[in-house]
Amino acid sequence: MTPEPHLNHGEQPIARLLATHALKPADLVAASTEHVTFKMVARACKGRRLTPHVQAKILRALNQAANKAYGLSDLFTY
């Protein structure tokens, strides 16, 4: 049996970026044209491992809300 991958990575840079831009999770949910939930954003900030698909949704929502062009490495450390 292989051990489970480490799923919790601590607070992620996305949490600081939201604070820097004075954004709340509701702003990302509203800015997204895709299905992004409050739970996805909360998990992203807390460092819960997300699938690459969900990470991409969060990235696009943040870029839309902040009018910036961040990459995944700017949001997540894993």
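The model is a predicted one. Helix α4 covers residues 52–66, and its buried residues are Val54, Gln55, Ala56, Lys57, Ile58, Leu59, Ala61, Leu62, Asn63 and Ala66. The cover over these buried residues includes helices α1, α2 and α3 together with α5, which comprises residues 72–75. After α4 comes Asn67, with a positive phi near 55°.

Helix α3 runs from residue 38 to residue 46, and Met40, Val41, Ala44 and Cys45 are buried within it. Viewed down the axis of α3, these buried residues fall within an arc of 130°, so they line one face of the helix. Lys39 and Lys46 are exposed and sit on the face of α3 turned away from its buried side. The buried residues of α3 are covered by elements that include α1 (13–20), α2 (25–31) and α4. Gly47 follows α3 and has a positive phi, near 95°.

Arg49 is placed in the loop that connects α3 and α4. With a relative accessibility of 38%, Arg49 counts as partly exposed. When residues up to four places away in sequence are not counted, Arg49 touches His6, Leu7, His9 and Tyr78. With one of these, His9, there is a polar contact from side chain to side chain at 3.2 Å.

Side chains of opposite charge can pair when their charged atoms come close. A search of the whole structure returned 1 salt bridge. This salt bridge is formed by the side chains of Arg60 and Glu34, with an N to O distance of 2.8 Å. Arg60 belongs to helix α4 and Glu34 to the loop between α2 and α3, so the pair ties together parts that are 26 residues apart in sequence. Arg60 counts as partly exposed, at 41% relative accessibility. Glu34 likewise counts as partly exposed, at 29%.

Methods
Residues are numbered from 1 along each chain as its sequence is written. This is a predicted model: local features need pLDDT of at least 70, side-chain atom pairs count only at pLDDT 80 or more; totals for chains, interfaces and linings use all residues. Side-chain values use heavy atoms; hydrogens and water are left out. Buried means under 20% relative accessible area, exposed over 50%, partly exposed in between (1.4 Å probe, protein chains only). Helices (H or I, at least four residues) and strands (E, at least two) are DSSP runs, numbered from the N terminus. The arc is that of the directions from the helix axis to the C-beta atoms. Contact means heavy atoms within 4.5 Å. A polar contact is a pair of N or O atoms within 3.5 Å; within protein, one must be able to donate a hydrogen and the other to accept it, and residues adjacent in sequence count only if both atoms are side-chain atoms. A salt bridge is a side-chain nitrogen of Lys or Arg within 4 Å of a carboxyl oxygen of Asp or Glu.
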